[in-house]
Amino acid sequence: MSNDARSVSGSYEAGLKGAAEAVAEFHEPESALKKLQHWLHQTPSAVPMIVLVVALLVFGVLADNFFKAGTLSTILQQIAIVGILGCAQTIVVLTAGIDLSVGAIAVFSSVLMGQITFRYGVPAEFSIVIGLILGTAMGALNGILIARLRLPPFIVTLGTWQILLAANFIYSANETIRSSDIQEQAAALQLWGGSINPGGVKVLYAVFLMIALVAVMAYVLRHTAWGRHVYATGDDPAAAELAGVPTRRVLVQVYALAGLFCAIAGWVMIGRFGSVSPTASTGQLGNIQSITAVVIGGISLFGGRGSIVGMFFGALIVGVFEMGLRLVGTDPQWTFFLIGVLIIFAVAVDQWIRKVAG
């Protein structure tokens, strides 16, 4: 019986000699639309970049003085604070979270810097450091509540937004510190309001700070282990944990870093507006503006996909629309209308692109 089995086996193996060893493959030709979908999935900042270029061309044709250096410089100055808040919002959204407290942290940090200087006589430089540390602590508190207590980011940051705004008004007693007083006694607080004037065009230091932060974070997110951990945490936290990523620690670090960026934005606010005001509109609108820049910038609200450069393009798109429509002379409400359309369009495109990963 065994001899017969060996005989059959030997015959079978002999018959295989010379047979093709390649595994059967089936190739379905990709359509142009499918190729576009794959390309957009691999290059998330492409859509906002295309929208930005089209907007620049359209307003360049409609408004004669749109491409003047002064106009473009003004757009960059107007988005400086939003761009820095957008850096904070970007890293949070990449982890599939959201931070509704970014504006409140920025305003409260600016108030702390001003009040510590003028109320307690602390040198402005030390007050700035204290304000940056406290802003980082506010962000870390969000991270601890979300990562350690497993509370939803939306609920946590909605709550801390209200708490921080109230604390801001209570601590400051609604007192505004005037620009002239700051200029005379604490010039360091207005550092980012300084400017250079190449060719007679005013460019604030704050613009260079925003661009530097975007560039640094773009490198960190794409070329460091920590950046890859941020993407992994947002894409699939369960799989990331199995792969050894300390997801809870990453979340606390992300929210703490977001708090630091918000405090930097608060410092920039003092230089940009001159005064320290607890009623600054950023406290109410900063979260919406930063989320708008992130969404239009092609960063997925589901986490794990997007680019901080895309956020920068998103902030620029908003600035270009606001300035372009103003120069054309249209009703300002059209700005909100078109930005709303862009937000819905961006989310729809994100859903379509995510089908590739699915």
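What follows is a chat about pockets, cavities and aromatic contacts in a predicted model.

Trainee: Let's start with the open space. How much volume lies in the largest pocket?

Mentor: About 630 Å³, and keep in mind that this is a predicted model.

Trainee: Which residues lie nearest the centre of that pocket?

Mentor: Val 82, Leu 285, Gln 289, Val 318 and Glu 322, out of 21 lining residues. Elements giving two or more residues to that lining are α4 (69-78), α5 (80-94), α13 (247-273), α14, α15 (308-328) and α16.

Trainee: OK, and which element gives the most to the lining of the largest pocket?

Mentor: α14, with six residues.

Trainee: How do the residues of that lining divide by class?

Mentor: The lining of the largest pocket has 11 nonpolar, eight polar and two charged residues.

Trainee: What about the second largest pocket, what's its volume?

Mentor: About 220 Å³. Its lining has 16 residues, and Ile 146, Ala 147, Arg 150, Pro 237 and Leu 251 lie nearest the centre. α13 gives the most there, with four residues, and α7 (124-147) and α12 (237-242) each supply at least two. By class you get nine nonpolar, four polar and three charged residues.

Trainee: What lines the largest cavity?

Mentor: There are 13 residues, with Val 47, Ile 296, Gly 298, Ala 346 and Val 349 nearest the centre. α16 has the largest share of that lining, six residues, while α3 (46-62) also supplies at least two.

Trainee: What does Thr 292 touch, leaving out residues up to four places away in sequence?

Mentor: Val 318, Ile 339 and Ile 343. As for Met 311, 19 residues apart from Thr 292 along the chain, the two C-alpha atoms are separated by 8.9 Å.

Trainee: New topic, aromatics. How many aromatic pairs are there?

Mentor: The count comes to six. One of them is Phe 59 with Phe 66, a tilted pair at 6.0 Å centre to centre and 35 degrees between the planes. Phe 59 and Phe 66 are both buried.

Trainee: Why is the pair of Phe 66 and Phe 67 edge-to-face?

Mentor: Because their planes are at 75 degrees, with the ring centres 5.5 Å apart, and the edge-to-face label applies over 60 degrees.

Trainee: How do Phe 66 and Phe 67 come out on relative accessibility?

Mentor: Phe 66 is at 0%, so it counts as buried. Phe 67 is at 48%, so it counts as partly exposed.

Trainee: Which residues do ring pairs link into a cluster?

Mentor: Phe 59, Phe 66, Phe 67 and Phe 321.

Trainee: Last one: where does the charged end of Arg 119 sit?

Mentor: Over the ring of Tyr 171, 4.5 Å from the ring centre.

Terms used:
Residues are numbered from 1 along each chain as its sequence is written. This is a predicted model: local features need pLDDT of at least 70, side-chain atom pairs count only at pLDDT 80 or more; totals for chains, interfaces and linings use all residues. Side-chain values use heavy atoms; hydrogens and water are left out. Contact means heavy atoms within 4.5 Å. Rings of Phe, Tyr and Trp (its six-membered ring) pair if their centres lie within 6.5 Å; planes under 30 degrees apart count as stacked, over 60 as edge-to-face and the rest as tilted. Buried means under 20% relative accessible area, exposed over 50%, partly exposed in between (1.4 Å probe, protein chains only). A charge sits over a ring if NZ of Lys or CZ of Arg is within 6 Å of the ring centre and within 35 degrees of the ring normal. On a 1 Å grid over the protein atoms alone, a cavity is a set of points where a 1.4 Å probe fits but cannot get out, and a pocket is an open set with protein on both sides within 12 Å along at least five of seven lines; lining residues have an atom within 4 Å of a point. Grid points are joined across faces, edges and corners, and a volume is the space filled by probe spheres set on the points. Ala, Val, Leu, Ile, Met, Phe, Trp, Tyr, Cys and Pro count as nonpolar, Asp, Glu, Lys and Arg as charged, and the others, Gly among them, as polar.
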